[in-house]
Amino acid sequence: MFKNFKITMLSLRTRIFLSMIVLIIMASIILASISIIQFKNEARVYHQERLEDKENEVKEHINYVLSTTTYPLTPTNLPLIFKDKIHELAQIHAIEINIYTLDGKLLKSSKESFSVDQVALPIPKYILKLVRSSIEKRFVDIKTIDGLKNRSSYSQIKDDKFKPLGILHLPYVEDDGFYEKELNGFLIRLAQVYSFMLIVAFGLAYFLSTYITKSLKTISDKLSETSLDQKNEKIRVEASSKEINLLIKSYNAMVDELEISAVKLAQSEREEAWREMAKQVAHEIKNPLTPMRLTVQSFQRKFEPNDPEIKQKMKDYSETLIQQIDTMSSVASAFSNFASMPAQQNETLNVIEVVELALDIFNEDYLVFEKETEEIIAEIDRTQLIRIITNLVKNAIQAISDQQETKSIVVQVKKMENKVLISVQDNGIGIKEEDLNRIFEPKFTTKNSGMGLGLSIIKNIIENYKGNITFETQYGQGTIFRVSLPILNT
């Protein structure tokens with residue numbers, strides 16, 4: 001932990017330095033983004049108001065023409081009324097003017113190329129509907145054509161009695177050249193200012209980060225040298241910061257406590273090592289005694305002198321007892337080395353046959369063995385394989401309550417590629433969520449009895465074979481343990 005403190009100090013200086021740089025960059029990005037949005041909003045409002053002003057001016061002029069004409073104010077007379085006037089209006093207001101009938105057909109246009117063009121496209125029906133339904137009898141259609149935004153204003157032309165005569169169409173192309181020029185100029189000036197500020201910030205950030213962490217450098221150097229297995233020196237530094245002085249005082253007090261704790265820890269570790277070894281040996285010796293006892297009880301219950309297969313049964317029982325005795329013997333000879341206890345004595349055997357033999361000592365009628373084949377040849381230590389099976393099955397039996405109506409334990413063995421897969425599934429109580437990460441810890445158990453070393457030891461055995469053990473559980477429904485062991489002779 002102390003050795004990493006120096007790295008933490010360097011990381012702190014880097015974070016301070018980078019934080020200031022990032023703040024400046026973020027400020028420039030935010031300001032630039034706000035400016036771009038503001039310019040775009042101003043341009044949009046400008047074009048909207050400019051089109052409205054143009055439309056109002058044109059309509060005032062049109063109303064004047066209608067009030068001074070000698071022609072009757074009817075829709076059919078609009079081309080005659082504006083025959084020459086429409087070009088004059090377009091030149092005065094510098095905008096294209098089109099006059100349509102109320103049903104959307106073009107009557108007159110300020111374009112020099114046509115007067116009343118019968119093939120000109122009419123106003124779309126949805127626009128006519130929007131114009132009629134709006135309160136102002138007006139609608140602005142906005143479209144983007146060839147990258148340019150086009151606004152088209154449609155409004156009704158009315159006589160002096162407010163009776164609709166036609167529809168005035170004013171097309172307007174937005175020219176953002178001025179705003180884009182202003183925006184580009186502003187962004188260039190902003191980039192120049194922030195480039196200068198960034199250079200200044202680099203120097204300022206480096207100075208501040210060095211100044212802030214300078215007083216902590218001496219402490220970090222001393223902390224990086226601190227270790228539990230040596231005599232540590234106290235820090236003799238008087239800092240200007242109250243917080244740093246408090247840190248130094250806490251460290252010096254910790255050094256005093258470390259010296260006292262180191263002596264106690266050494267003694268405690270020796271005592272704990274002996275106690276742990278005694279527990280492990282007792283558990284490993286006790287573990288084979290249970291199947292041995294079950295074997296003898298089974299023999300007593302099923303013994304029949306006149307059974308024609310009595311000799312074979314005697315041989316099976318004897319082999320089971322001998323195997324468990326061999327297991328205790330191997331524990332006694334290898335208990336001093338827990339990591340490899342007991343040492344592997346590999347032999348070529350039929351895994352199916354050994355598993356069946358290991359399960360034969362259990363009398364539970366709800367124990368089911370499933371196999372995909374009659375033979376899986378592998379090079380594995382017989383006693384260690386039996387230990388794995390008996391431990392997992394015994395745990396499964398203990399996980400099922402006596403009051404449980406339906407009981408089930410399924411042991412399955414199969415071969416997949418160059419591995420032997422063994423699973424033990426029960427429908428017992430399952431494992432609580434808070435215990436999931438502690439299942440393989442030494443001395444951890446969810447049972448009222450036992451020392452909690454069984455799963456830890458068989459996990460050690462499996463990992464020594466370069467295998468693995470996993471489990472899935474659902475509290476209240478059951479657990480399945482899966483063991484994967486490599487077939488060493490393939």
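Reader: In which helix do Glu463 and Lys459 both lie, and how many residues apart are they?

Author: Two notes come before the reply: this is a predicted model, in which local features need pLDDT of at least 70 and side-chain atom pairs count only at pLDDT 80 or more, while totals for chains, interfaces and linings use all residues. Residues are numbered from 1 along each chain as its sequence is written, and side-chain values use heavy atoms, with hydrogens and water left out. Glu463 and Lys459 both lie in helix α10, 4 residues apart, which is about one turn of the helix; helices here are DSSP runs of H or I with at least four residues, strands are runs of E with at least two, and both are numbered from the N terminus.

Reader: What joins the side chains of Glu463 and Lys459?

Author: The general idea is that side chains of opposite charge can pair when their charged atoms come close. The term used here is salt bridge, meaning a side-chain nitrogen of Lys or Arg within 4 Å of a carboxyl oxygen of Asp or Glu. Glu463 forms such a salt bridge with Lys459, and their closest N and O atoms are 2.4 Å apart. Glu463 is partly exposed at 40% relative accessibility, and Lys459 is also partly exposed, at 22%, where buried means under 20% relative accessible area, exposed means over 50%, and partly exposed lies in between (1.4 Å probe, protein chains only).

Reader: How many salt bridges does the structure hold, and which residues do they join into one network?

Author: The structure holds 8 salt bridges. The network consists of Glu356, Lys371 and Glu374, joined by salt bridges that share partners. Within it, the side chains of Glu374 and Lys371 meet at 3.1 Å, N to O; Glu374 is exposed, with a relative accessible area of 54%, whereas Lys371 is partly exposed at 31%. Elsewhere, Glu88 and Lys85 meet in a salt bridge at 3.8 Å, N to O, and both lie in helix α3, 3 residues apart, about one turn of the helix. Glu88 is partly exposed at 37%, and Lys85 is partly exposed at 36%.

Reader: Which residues line the largest cavity?

Author: Its lining is made of Asn287, Pro288, Pro291, Gln324, Thr327, Ile386, Arg387 and Thr390. At least two lining residues come from each of α6 (242-302), α7 (310-334) and α9 (382-399). By class, the lining has 3 nonpolar, 4 polar and 1 charged residues, with Ala, Val, Leu, Ile, Met, Phe, Trp, Tyr, Cys and Pro counted as nonpolar, Asp, Glu, Lys and Arg as charged, and the others, Gly among them, as polar.

Reader: How much space lies in the second largest pocket, and which lining residues are the closest to its centre?

Author: The second largest pocket holds about 460 Å³ of space. Of the 24 residues that line this pocket, Asn98, Tyr100, Ser152, Tyr154 and His169 are the closest to its centre. The elements giving two or more residues to the lining are β1 (98-100), β2 (106-109), β3 (138-145), β4 (148-158) and β5 (164-173). The lining of the second largest pocket divides into 14 nonpolar, 5 polar and 5 charged residues.

Reader: Where is Ala94 placed, and is this residue buried or exposed?

Author: Ala94 sits in the loop between α3 (85-93) and β1, and Ala94 is exposed, with a relative accessible area of 63%. Ala94 has a positive phi of about 55° although it is not a glycine.

Terms used:
1 Å grid on protein atoms, 1.4 Å probe; cavity = no way out; pocket = protein on both sides within 12 Å on 5 of 7 lines; lining within 4 Å. Points joined across faces, edges and corners; volume = space filled by probe spheres on them.
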